Amino acid sequence: QAGFEAEEREREIELLEAGQALQQAELERQRDSHRALVFGFVLTLGVAILLFNWHRLRTRAASMAEAVERERTVSAGLREIDQLKDEFLANTSHELRTPLYGMTGLVEALLEESSEVGPDARVVLNTVLQSGRRLNRLVGEVLDFSKLQHEGFELFIEPVDLRSLADIVLTLSGPLAAGSKLELLNSIDPDLPPAGADQARVEQVLHNLVGNAIKFTERGRVEVSAHLDGA
């Protein structure tokens, strides 16, 4: 009886150990399944993130390519407009210069060849002549401005009589001061030596300065003066 009971206990122990082994195997299988599920989820998530980033980068690259193409189109259009502007300025300047040359030529011939022109008429004709030359230079300055944007322009340095140049500027600016309480004065010493400068540019500067002075001065005088430094 004792031996039989011992054998029964051994069989029960073996059965318990076999059950524990089965439970342990089932736990391992469940752990492996969980690991596989987690790995699959992580892998799917990683693939989804990669696909999303790839799509975003592709969309951004396409947008950048479209932006670059638009910039190229706009740049080409601006270059074409700039070229048309230069052509328009050149053509317009040519059309303006032709009648200006004719006008100044006629006035010069009248002053040189006609002896019947009185002093007062000569003053008026000289004013007309200087105005025509001034307009001709302004037309040239329009082309110079275009050259300055692209190439630059040269200065023609020569001796300039500042007093005579100031007389011309003040004479041509006289109509701007008509009806006002302004006096236009040229205080440059006649004995002042000539200045080395580009006469057209100096005249342009004087016209701008005197014109602004007349425009923003209600009464008093607009005076042009010059002196020699280091003498």
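Select valine 128 to begin, and show what surrounds it: beyond its neighbours within four places in sequence, valine 128 is in contact with Met103 and Val107. Keep in mind as you click around that this is a predicted model. Valine 128 lies in helix H2. Is valine 128 buried, partly exposed or exposed? Its relative accessibility is 33%, so valine 128 counts as partly exposed. Along the chain, threonine 104 and valine 128 are 24 residues apart, and their C-alpha atoms are separated by 8.0 Å.

Stay with helix H2, which covers residues 119-150, and move along to arginine 134. Despite its charged side chain, is arginine 134 buried or exposed? Arginine 134 counts as buried because its relative accessibility is 13%, and the cut-off for buried is under 20%. To see what surrounds arginine 134, select Glu141, Leu172, Glu203, Gln204 and His207; these are its contacts once neighbours within four places in sequence are left aside.

Glutamate 203 belongs to helix H4. With a relative accessible area of 2%, glutamate 203 is buried. Which residues does glutamate 203 touch, not counting those up to four places away in sequence? They are Arg134, Arg137, Leu165, Ile168 and Val169.

Next, colour helix H3 (residues 162-173) and helix H4 (residues 199-215) and look at how they pack. Their axes come within 10 Å and cross at roughly 45 degrees. That angle makes H3 oblique to H4. The crossing of H3 past H4 is right-handed. By class, the contact of H3 with H4 has 11 nonpolar, 3 polar and 1 charged residues. To display the contact, show side chains on both helices: on the H3 side they include Leu165, Ile168 and Val169, and on the H4 side they include Val202, Leu206 and Val210.

Now click on leucine 206. Leaving out residues up to four places away in sequence, leucine 206 touches Leu165, Ala166, Val169, Gly211 and Val224. Leu206 also takes you into the largest nonpolar core, which has 15 residues. Leu206 is among those with the most contacts inside this core, along with Leu182, Ile188, Val210, Ile214, Val222 and Val224. Three elements, H3, H4 and strand E4 (219-224), each supply at least two residues of the core. Which element gives the largest share of this core? It is H3, with 4 residues. Apart from this core lies another, of 5 residues, and you can find it by selecting Val107, Leu111, Leu125 and Leu129, which are among its members.

For the last stop, return to helix H4 and select valine 210. Valine 210 counts as buried, because its relative accessibility is 3%. Setting aside neighbours within four places in sequence, valine 210 is in contact with Val169, Leu170, Ser173, Val222 and Val224.

Technical notes. Residues are numbered from 1 along each chain as its sequence is written. This is a predicted model: local features need pLDDT of at least 70, side-chain atom pairs count only at pLDDT 80 or more; totals for chains, interfaces and linings use all residues. Side-chain values use heavy atoms; hydrogens and water are left out. Buried means under 20% relative accessible area, exposed over 50%, partly exposed in between (1.4 Å probe, protein chains only). Contact means heavy atoms within 4.5 Å. Axes are lines fitted to C-alpha atoms, for helices over the stretch in contact, and angles run from 0 to 180 degrees between N-to-C directions. Angles under 35 degrees count as roughly parallel, over 145 as roughly antiparallel, 65 to 115 as roughly perpendicular and the rest as oblique. A crossing is left-handed if the near helix is turned anticlockwise from the far one by less than a right angle, and right-handed if clockwise. Ala, Val, Leu, Ile, Met, Phe, Trp, Tyr, Cys and Pro count as nonpolar, Asp, Glu, Lys and Arg as charged, and the others, Gly among them, as polar. A nonpolar core is a set of buried Ala, Val, Leu, Ile, Met, Phe, Trp, Tyr and Cys residues joined through side-chain atoms within 4.5 Å.
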